[in-house]
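Reader: I am new to this structure. Please take me through it, one question at a time.

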Amino acid sequence: MTKTVAVFVAALCCAGVFAEEPSGYTVGVRSKQYSMTIDVRPLASGQVTYDIHVIDVATNSNAADAALSGFGDAQLETTVDNNGLRFRIRIAPRLPSLGAELSVEKDGTVIDSVRVFWNPQPPHPAAVHLVAPNARHVGGDVKAPVLIKHVEPLYPEEARRARIAGVVVVEALVDKSGAVRDAIVLKPLPYGLSESALDAVKQWQFEPSRLNGEPIDVIFNVTVNFKVQ
């Protein structure tokens with residue numbers, strides 16, 4: 001497992017793409033009353049297992065646990081009865097996406113539900129970074145540039161509906177004028193949040209870094225925080 005997300009979603013590898021040593025990831029979603037996390041574990045055989053945990057947000061107590069497994073885009077469903085409630089959980093892979101639905105029933109009536117699709121994307125490989133002649137990296141005598149103009153990223157409607165929050169990490173090249181000359185995403189978020197963060201950062205303006213009193217090009221990381229709106 002490479003990354004865990006509780007209330008927010010941070011999908012880190014492509015569902016349905018398996019290697020000899022498959023990696024997994026965890027996604028999650030929150031309704032009004034419950035949060036659900038799903039540990040997705042691809043196996044070398046091509047089968048995928050889903051370990052599901054549902055938490056009562058009000059009491060922070062475990063409400064339901066389930067485990068499902070299947071191949072490819074097989075639709076999976078299970079129910080868990082607990083304390084007079086029936087938790088109905090559906091897994092709907094639509095490769096390379098993953099869908100899930102949670103509904104909570106009491107006496108045959110649905111009292112809470114949530115449905116979401118994730119679009120897992122691989123993170124940028126660790127070896128991929130910005131390269132620029134004569135650019136320095138922050139550290140030692142090279143201080144980070146100071147932000148003087150901040151443009152707020154747009155919060156995509158799709159991400160709003162899915163209640164996705166989290167941090168996008170962007171590596172930026174700030175030139176001698178303080179402008180962002182290039183930028184790439186190091187730590188992404190789905191539903192257009194990475195693209196929104198990148199677009200915003202490219203419009204930021206900085207007081208440039210200096211070395212021996214002279215402005216210099218510098219490469220450093222910035223974070224863009226998205227909160228549920």
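Reader: In the hairpin of E11 and E12, which residue takes a positive phi?

Author: This is a predicted model: local features need pLDDT of at least 70, side-chain atom pairs count only at pLDDT 80 or more, and totals for chains, interfaces and linings use all residues. Residues are numbered from 1 along each chain as its sequence is written, and side-chain values use heavy atoms, with hydrogens and water left out. The hairpin of E11 and E12 has five residues between the strands, and the one with a positive phi, near 90 degrees, is Gly-178.

Reader: How many bridges pair E11 with E12?

Author: Two strands pair if DSSP finds at least two bridges between them. Strands (E, at least two residues) and helices (H or I, at least four) are DSSP runs, numbered from the N terminus. Val-170 has Val-185 of E12 as its bridge partner, and Leu-173 stands opposite Asp-182 in E12. E11 covers residues 166-174, and its antiparallel pairing with E12 runs over six bridges.

Reader: Which strand is joined to E11 by nine bridges?

Author: The two strands run antiparallel. Gly-166 has Phe-226 as its bridge partner there. The strand spans residues 218-226 and is E16.

Reader: What is the strand order of the open sheet with mixed pairing?

Author: This sheet has four strands. Its edge strands, each pairing on one side only, are E9 (136-137) and E12 (180-187). The order is E9-E16-E11-E12.

Reader: Why is E11 largely enclosed by the rest of the structure?

Author: Buried means under 20% relative accessible area, with exposed over 50% and partly exposed in between (1.4 Å probe, protein chains only). E11 is largely enclosed because, of its nine residues, the number buried is eight.

Reader: How many residues of E1 are buried?

Author: E1 has six residues. It is largely enclosed by the rest of the structure, because the number of its residues that are buried is five.

Reader: What is the bridge partner of Val-29 in E2?

Author: E1 and E2 form a hairpin with three residues between them. Six bridges join these antiparallel strands. In E2, Val-29 is partnered by Met-36.

Reader: Which residue in E3 is the bridge partner of Thr-37?

Author: E2 spans residues 34-42 and E3 spans residues 47-56. Nine bridges join the two, which run antiparallel. The partner of Thr-37 in E3 is His-53.

Reader: Which residues touch the most other members of the largest nonpolar core?

Author: A nonpolar core is a set of buried Ala, Val, Leu, Ile, Met, Phe, Trp, Tyr and Cys residues joined through side-chain atoms within 4.5 Å. The largest one has 57 residues. Those touching the most other members are Ile-38, Ile-52, Val-54 and Phe-87.

Reader: Leaving aside neighbours within four places in sequence, what is Ile-52 in contact with?

Author: Contact means heavy atoms within 4.5 Å. With those neighbours set aside, the partners of Ile-52 are Met-36, Thr-37, Ile-38, Ala-64, Asp-65, Ala-66, Leu-68, Ile-89 and Ile-91.

Reader: How many helices and strands does the protein chain have, and what share of its residues is buried?

Author: The protein chain has two helices and 16 strands. Of its 229 residues, the buried share is 46%.
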